[in-house]
Every structure is written in C-alpha cells, then in structure tokens.
Amino acid sequence: MSTGLRRFREPRPADAPAAGECCEMCAEPIEAGHGHVVNVESRALLCACKSCYLLFTVPGAAQGRYLAVPDRYLYAPRFALSSADWDELQIPVRMAFFFRNSALGRTVAFYPSPGGATESELPLPTWERVMAANPGLAGVAADVEALLVDRRADGFVCHLVPIDACYELVGLVRTRWKGFDGGQEVWQAIDAFFERLRARSDELRADHD
Ligand SMILES: [Zn+2]
Ligand SMILES: [Zn+2]
C-alpha cells in the first residue's frame, strides 16, 4: 500500500528522554520536545532541530518536499458524527485518525493496532458528509495535521492534532497491547494519552453556537 504508515518512524513519546538524539536533517544534537518534519513523498517523519524545523515552516521550502509539523491542538467535544456514519467508515476499533495525503490527493484513514498503524479504506462520500457537518475542522492542514476521532460511551470526540501525536498513540498501542483485548494497562495508557491531549488543546466552539 503506497500510504503505508509503517514507513513513518514513530517519534519518541514527548515525555521520553532523548539523550544523544540528533537532527535527522543536519545532525545537530536535539532535545526532548523537538519538532518534526514530514517528508511528503515518503511519509517519513524526521526529528528536527530548531533551525531545520523553522526552515520548513516556510511554504514552498525545498519545493514543498518537507513540511514542518505544526503545534496546534484543538478539541471538538461535540463532533457531529452519527453511529451510522461511523459504521460506514468501517473502523474496527474505538479510535482512528484521518489526514489529507497531498501526494495521493485524498484523505486517508488509519487506526492504531498491535501491528502498528493500519489503513482503513475510506468511503469518501461518507467522509465528505462528516466534514460538511463539522465546518470548524475544515482548516486541518494537509500532510502534517490529522483529525483523531475517539468513540466514547456518550458520543464522539475529535481532536485536531499534529500528525506526530497520532504516532505517539500508534506507538503506545503497538508496544503495550497484550492478548485479545489489549489488557488493562494499554487502555489506561490510552485514556491518559487522551487526557493529556485534552489538557493541551483549545476547545473548538460548536459550529452552530
Ligand atoms: Zn537540523
Ligand atoms: Zn523526534
């Protein structure tokens, strides 16, 4: 599959020490909390020092081949998505993320699994309908931002996140999943991940308020 996210290198969790880590573009030493750059063609996610990161925040730098992953977090507590829409999206788990792959010219869907990020065939008419119902999230940037949807007992929540946050979640599921249902530890870690996300996110006002 050309969108295979296994080619994405999973970034370290933000709280992990990164001693001795280097910028993957210029080899300068970098610290935990450094930024990331996406290679739009290969979909590789690269750790970047401040100078390299800033270089690729400029639109059109390197002919658009590399893009800096922004640091924007939005939380939509009332994401308009019906259970019927969710069923049509055919996501077999509680959460999935969606982003526009500009090399393919379309939005793609992935969900975390014990084997890593797994692509789910996205029915585009359904996705277009979902996006039309949530105009506040229309500004999500291609390639570097994603919509991370989490199904809760009382409905769906959606986070607009930098794409590297999705890979933190993917890494967490891949490394901590045990047995058939994942086990208590992974679900506690997933809940803690969403709590951290929510704490750092600005709340998106409902579109029809
Ligand atoms: Zn650098
Ligand atoms: Zn990194």
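## Strand β5 and the fold around it

Six of the seven residues of β5 are buried, so this strand is largely enclosed by the rest of the structure; buried here means under 20% relative accessible area, exposed means over 50%, and partly exposed lies in between, with a 1.4 Å probe and protein chains only. This is a predicted model, in which local features need pLDDT of at least 70 and side-chain atom pairs count only at pLDDT 80 or more, while totals for chains, interfaces and linings use all residues. Residues are numbered from 1 along each chain as its sequence is written, chains are lettered from A and ligands numbered from 1 in the order in which they are written, and side-chain values use heavy atoms, with hydrogens and water left out.

The protein has five helices and ten strands, taken as DSSP runs numbered from the N terminus, with helices being H or I of at least four residues and strands being E of at least two. Of the 209 residues in the protein, 47% are buried. Among contacts between residues at least 6 apart in sequence, 60% join residues at least 24 apart, where contact means heavy atoms within 4.5 Å.

Strands of a sheet pair through backbone hydrogen bonds, either parallel or antiparallel. Two strands are counted as paired if DSSP finds at least two bridges between them. Five bridges join β5 to β6, and these two strands run antiparallel, with F99 standing opposite V108 in β6. In the hairpin that they form, four residues lie between the strands, and G105 takes a positive phi near 70°.

With strand β8 (residues 145-152), β5 pairs in the antiparallel sense over four bridges, and here F98 stands opposite L147 in β8.

A pair of aromatic rings is described by the distance of the centres and the angle of the planes. Rings of Phe, Tyr and Trp (its six-membered ring) pair if their centres lie within 6.5 Å, and planes under 30 degrees apart count as stacked, over 60 as edge-to-face and the rest as tilted. By this rule the count comes to eight aromatic pairs. One of them is the stacked pair of F97 and F110, with 6.0 Å centre to centre and 20° between the planes. Because F97 lies in strand β5 (residues 95-101) and F110 in strand β6 (residues 106-113), this pair ties together parts that are 13 residues apart in sequence.

F97 also forms an edge-to-face pair with Y167, at 5.7 Å centre to centre and 75° between the planes. Y167 belongs to helix α4 (residues 163-176) and F97 to strand β5, so this pair ties together parts that are 70 residues apart in sequence. F97 is buried, with a relative accessible area of 1%, and Y167 likewise counts as buried at 1% relative accessibility. F97, F99, F110 and Y167 form one aromatic cluster.

H36 is buried, with a relative accessible area of 7%, and C47 is buried at 8%.

H36 stands opposite C47 in β2, and β1 and β2 pair in the antiparallel sense over four bridges. These strands belong to an open sheet of three strands with the order β2-β1-β3 and antiparallel pairing, in which β2 and β3 (66-68) are the edge strands, each pairing on one side only.

Most residues other than glycine have a negative phi, and most peptide bonds are trans. R43, in the loop between β1 and β2, has a positive phi of about 65° although it is not a glycine, and R43 is buried, with a relative accessible area of 2%.

D143, which lies in the loop between α3 (124-133) and β8, has a positive phi of about 70° although it is not a glycine. At 2% relative accessibility, D143 counts as buried.
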